[in-house]
Amino acid sequence: MPLKVFDLQLSPFTFRISTSHAPLFTLLQQIYPSSVLTSTDSSKFIDFEVNFDRPPFSLSSALAFRLADKHFRFAELSALIPTFEWGLNWCVGNFQSRYLCIHAAVLEKNGFSVVLPAPPGSGKSTLCAMLMFAGWRLLSDEHCLIDLEDGLIVPCVRPISLKNKSIQVVNTLYPDINICHITADTHKGTIGYVTPSEISWQHNINKVKPHLVVFPRYQHDQTHLNCVPLSQHQIFMQLAENSFNYSVLGATGFETMARFVSNVSGFQICYNSGDQAIALIEERCR
Amino acid sequence: MNSECIKLFREPAAYVAEATLAQWTSLISEARQQALLGSIYFLLKDHNLLHLLLSSVHSHLLTGFHYAEKQKNTLLQEMLELEVIFQNVDYPCVLVKGVGYRLSGLAFSRGRIFSDIDLLIPHTAFPDALAKLLDAGYLETGMSDYDRRYYIDWSHQHPPLTHFLRGANLDLHHHIFPVASHSGLAIAPMLENTKQLVDSAFAVPTLPFLLVHAAVHLFYQEETHKLVKDLCDLKQLYEECIATYSTEQLLTASQSMRAEAAVYYALDTLRWLFTLEVDTALLSKLSQHSSKYRRWQMQFLLQHLLSASALSQFAHLGWYIRGHLLKMGVGTLIYHSIAKFWETRKIKRQQSEMQKLLDAETRPKDA
């Protein structure tokens, strides 16, 4: 099968994808606009040359996501897009240390930013999607990238990944929103993707100053929103815990994190209403 | 010659001035695969060229720098553990290859990534050193019976050891080349010509002996996946060696280990690949032990290994056979090849199944 090669220009990184699975490009067109999903551009430097293809002599239809000689994982054709998206996360989380990388969603509105670090199942992506629908600009649903030089947060705009019940929640609250590539039975359960808002794509190179860090926890039996302020050292430790490359960066990582934390306020919220959580975040950003 | 890394190491300033974006893309991709990002970072830093780079390219080199720095700290921690284990032994404990370069303070080792700690000790002390390491928690990891037997009967080292808690990898050697090779390489001079590390149980070979080891490793190896890295290492090691030691000392080291041929082929290759100036008198003396056929064979294979020519797959096979023939006789090679073919086939099938199971049952780190 001939290789199809195309670029994904997801500032600050450009990926070049080589695959013999022709439908991949069309599938990705549903979640990436033509401004970022392009034919190969020889005038661009490529950060990550990804091979998403069947291994040589393989009898299986599964594709392997690889970066040079490093294997990420196999993808059955039924779970192509989730594996592809996780593969991009793997590249950013493991093969760059230009930015301190924290597992968190980041959004911005009127110059104020909110960082939402949280473990899976905490409702981070749902809250992130709701904030975006409320007019916030999405910087990332997965990676809070902190520039080591100026301490600002760098966007890496990509689709929001919704999991399990959050798909139904978003469908109910926003019936006009199209959730693409809903894939059942992945190891994370059912996954679906929401494409970022127009404004998020348009401003996908604009950095923001850090302001607010919110550790969200969705609890269905929570009767009222519970908000606990966090000290700077609590924020530091929790962010370090959620970081992909804090330990690799050594002293630079410590200094970058310390500078970041000194510029933010943070709290933990336990909520069962996204609207209440959004109201609280907007109030703190005034 | 398609290796962008070799082009860069050959003429850093010219490369930085002239490389196209497509070349930079290939360079970073190749350097990531060869674990050369950190080495290139320091090479360009030393040539005062970092400020001329595209910020994206600089970012990836910086990533290599960060990983090398982290590995340096991890190595120091591990060395403190090893100091305790070997503090009172009465035999030489010599650190070779990557860790040897790093602990010798060689400039080119600053950004270098290594995969394990290579410890060379006299053959007579092998059982004691092995027992000490096993007692301290360095254990053999999963390996087939055939591979284990290969290491013990034919190679120059014990099967690789991994610390059960810290995950540190250690190779315990009693020679630098397989005992089955009948190569006649002498190991005693390398154990004798060392520099003791300050307040340490460990020593490191002097630079000429480190270079002889690297040359033997390059000339007699059968693997190709880190060939570019080995070549770039050898070039920088030679430059550092020749800045401190005379060519006569390098010749003496080569002669004492009976490794003149390997050193000749290695230096000849450096001259050819990197247009490096190598003392002609030294080459002339070393070449007396070389063979024109072997020299041609090595250059032919390297030329195709380092390019995307139609013959590159053939060259991989040729390099593999050549390396094994040097390591063992024809009879042993035939036996080994048949056994290894079945072994590899079985293992690949198992690994593929395991990988799929693992992928299906585990979450990526961000899950």
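**Stop 1: the contact between the chains**

Select both chains. The contact takes 28 residues from chain A and 31 residues from chain B; residues are in contact if their C-beta atoms, placed from the backbone, lie within 7 Å. This is a predicted model: local features need pLDDT of at least 70, side-chain atom pairs count only at pLDDT 80 or more, and totals for chains, interfaces and linings use all residues. Residues are numbered from 1 along each chain as its sequence is written, while chains are lettered from A and ligands numbered from 1 in the order in which they are written.

Now colour the side of chain B that touches chain A. Helix 3 (21-33), helix 5 (55-85) and helix 17 (330-361) of chain B each supply at least two residues to it. Helices (H or I, at least four residues) and strands (E, at least two) are DSSP runs, numbered from the N terminus. Helix 5 of chain B gives the most, with 11 residues. By type, this side of chain B has 10 nonpolar, 12 polar and nine charged residues. Ala, Val, Leu, Ile, Met, Phe, Trp, Tyr, Cys and Pro count as nonpolar, Asp, Glu, Lys and Arg as charged, and the others, Gly among them, as polar.

**Stop 2: helix 3 of chain B**

Select residues 21-33 of chain B. Helix 3 of chain B has 13 residues and reaches 18 Å from its first C-alpha to its last. That is close to the 18 Å expected at 1.5 Å a residue, where the expected span is 1.5 Å times one less than the number of residues.

Which residues of helix 3 of chain B are buried? They are Trp24(B), Thr25(B), Leu27(B), Ile28(B), Glu30(B), Ala31(B) and Arg32(B). Buried means 20 or more other C-beta atoms within 10 Å of the residue's own; exposed means 12 or fewer, and partly exposed lies in between, with C-beta atoms placed from the backbone.

In chain A it is strand 4 (48-53). In chain B, the partners are helix 1 (4-10), helix 4 (37-46), helix 5 and helix 11 (227-244). After helix 3 of chain B, click Ala35(B): its phi is positive, near 55 degrees.

**Stop 3: Leu161(B)**

Leu161(B) is found in strand 4 (residues 161-163) of chain B. Leu161(B) counts as buried because it has 24 C-beta neighbours inside 10 Å. Leaving aside neighbours within four places in sequence, Leu161(B) is in contact with Leu133(B), Tyr138(B), Leu139(B), Glu140(B), Leu170(B) and Leu172(B).

**Stop 4: a sheet in chain A**

Switch to chain A. Its secondary structure comes to eight helices and 17 strands. Of its 286 residues, 45% count as buried.

Find the open sheet of three strands, in the order 12-14-13, with antiparallel pairing. Two strands pair if DSSP finds at least two bridges between them. Strand 12 (160-163) and strand 13 (180-186) of chain A are the edges, each pairing on one side only. Strand 12 and strand 14 (residues 189-194) of chain A pair over four bridges. Lys163(A) has Ile191(A), in strand 14 of chain A, as its bridge partner.

Helix 3 (residues 124-133) of chain A lies across strand 12 and strand 14 of chain A, at about 130 degrees to strand 12. Axes are lines fitted to C-alpha atoms, for helices over the stretch in contact, and angles run from 0 to 180 degrees between N-to-C directions. Helix 4 (residues 165-173) of chain A packs on the sheet and touches strand 12, strand 13 and strand 14 of chain A. The direction of helix 4 of chain A makes about 110 degrees with that of strand 12 of chain A.

Definitions and conventions: Two residues are in contact if their C-beta atoms, placed from the backbone, lie within 7 Å.
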